[in-house]
Amino acid sequence: MIFRFHSPEFLWLLLLIPLVTLLRGRSGQSAALQFSAISLASQIAALVRRKPGRIYLTLRAFALLFLILALARPQLGQGTSEIQASGIDIVLAVDLSSSMWAHDFAIERKPTDRLTAVKTVMEDFIEKRPNDRIGIIAFAGQPYLISPLTLNHGWLRRNLERLQIGLIEDGTAIGTAIGMAVNRLRALTSKSRIVILLTDGANNSGELTPIAAAEAAAAYKIKIYTIGAGREGMVPFPRLDRNGNLLRDRRGKLVLVQAPSSVDVETLKRVSEIAQARFFRATDTQSLQEIYQEIDQLEKTDVTMIYHSTFTEIYTWPAIAALAFLALEQLLANTRYRRLP
């Protein structure tokens, strides 16, 4: 709630109130009774009230006070802030292939799979960019749209949390995932359109190659930041049963075995070069966080805040109060403090 005076210059008139009161006091207070001779007043002095003049003066001072406040036009209102979108549209493409089960990342010093670490870092990235439209594409053997571009980041994070390995047929369709992201961005007229693609493998599925997809992105002036996640060589993987469920020992801990892991770094670098962006390598959670922070700084633009306010005039309240004091003065003057002719 906001309070203000539309014409505060009238408040300077408040300085006249003590001056008028002082001058009125020096000239004498209004007589409650008028007599043709002093001797008559002395005979009935004990029967009349002596200070109605002070009451009249006080009432008139309050009436003048509220009249000045009414002239200043007090207002009550509410203000709202509207933030314009930054003009950056972002598609986050994340790998959901089975290789993302590798436990070579850690959260709070506890080993965790790659996808869990990626989701944690991506959630923080989304939270830091409230004015961007962001969408999510998940891919393995085929890409799937998880969320269209939206400013509703609460809903976006809920969909991100639902991502699980095994939801999509296995494989790594990097080129097709880029193609879907380009289709989502190509018709938009935003200041900047970018794709942030994270994978821990090499393209082995889909009909579109990563290089061809990158060339299409470059034609539409869409940037592609690529992130190669995970260590190469032998890394710990959880064992799965026949149904694809994680195996645990008697103490409830995951059964981990060493398995080979590799990332097609050269292709990812080439994709980013063609699409006028950069390639990053993330081998642990900290480096992954630093990468998303760096991208966050690279893709910044000014945001305009527009302030709207709506005010309601309440000058009638002090105006009514002024009239009430004047009416009370007249009421007393014609009743209790009525002057005798």
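Predicted model: local features only at pLDDT ≥ 70, side-chain atom pairs only at ≥ 80, totals over all residues.
Six strands form an open sheet in the order 7-6-3-8-9-12, and their pairing is mixed. Strand 7 (143–150) and strand 12 (279–282) stand at the edges with a single partner strand each, so one side of each is left without a neighbour in the sheet. From one strand to the next, the twist averages 15°.

- Strands of a sheet pair through backbone hydrogen bonds, in either the parallel or the antiparallel sense.
- Strand 3 (residues 88–95) and strand 8 (residues 192–199) are paired in the parallel sense over seven bridges, and V91 stands opposite V195 in strand 8.
- Helix 5 (residues 153–161) packs on the sheet, where it touches strand 6 (133–139) and strand 7, and its direction makes about 165° with that of strand 7.
- Strand 6 and strand 7 pair in the antiparallel sense over five bridges, and a hairpin through three residues joins strand 6 to strand 7.
- Within this antiparallel pair, I136 has S147 in strand 7 as its bridge partner.

**Helix 8 and its buried residues**

- Helix 8 (residues 265–274) has V265, L268, V271, S272 and I274 as buried residues.
- An α-helix has 3.6 residues a turn, so residues three or four places apart point the same way.
- The buried residues of helix 8 pack against strand 8, strand 9 (223–229) and strand 12, and also against helix 6 (174–185) and helix 7 (210–219).
- After helix 8 comes Q276, whose phi is positive, near 55°.

**Q75 and its polar contacts**

- Q75 lies in strand 2 (residues 74–83), and with a relative accessible area of 4% Q75 counts as buried, because the cut-off for buried is under 20%.
- The side chain of Q75 is joined to that of R4 by a polar contact of 2.7 Å, and a polar contact of 2.7 Å also joins the side chains of Q75 and E313.
- Leaving aside residues up to four places away in sequence, Q75 touches I2, F3, R4, H6, F311, T312, E313 and I314.

**P236 in strand 10**

- P236 is found in strand 10 (residues 233–238) and counts as buried, at 14% relative accessibility.
- P236 and W101 are 135 residues apart in sequence, while their C-alpha atoms are 8.8 Å apart in space.
- When residues up to four places away in sequence are not counted, P236 touches A102, H103, R231, L256, V257 and Q258.

**Aromatic rings**

- A pair of aromatic rings is described by the distance of the centres and the angle of the planes.
- The structure holds five aromatic pairs, one of which is the stacked pair of F62 and F325, with 5.2 Å from centre to centre and 15° between the planes.
- This pair links distant parts of the chain, since F62 is in helix 3 (residues 52–71) and F325 is in helix 10 (residues 316–333), 263 residues apart.
- F62 is partly exposed, with a relative accessible area of 38%, and F325 also counts as partly exposed, at 23% relative accessibility.
- One aromatic cluster is formed by F62, F66 and F325.

**Positive phi in two loops**

- Most residues other than glycine have a negative phi.
- R109, although not a glycine, has a positive phi of about 65°; R109 is found in the loop between strand 4 (105–107) and strand 5 (110–112), where R109 is exposed with a relative accessible area of 84%.
- K221 is likewise not a glycine and has a positive phi of about 60°; K221 is found in the loop between helix 7 and strand 9, and K221 is exposed, with a relative accessible area of 73%.

Conventions
Residues numbered from 1 in each chain as written. Heavy atoms only, no water. Helix = DSSP H or I, 4+ residues; strand = E, 2+ residues; numbered from the N terminus. Buried < 20%, exposed > 50% of the residue type's maximum accessible area, 1.4 Å probe, protein only. Polar contact = N/O pair within 3.5 Å; in protein donor to acceptor, adjacent residues only side chain to side chain. Contact = heavy atoms within 4.5 Å. Phe/Tyr/Trp six-rings, centres within 6.5 Å; stacked < 30°, edge-to-face > 60°. Pairing = 2+ DSSP bridges. Axes fitted to C-alpha atoms, helices over the stretch in contact; angles between N-to-C directions.
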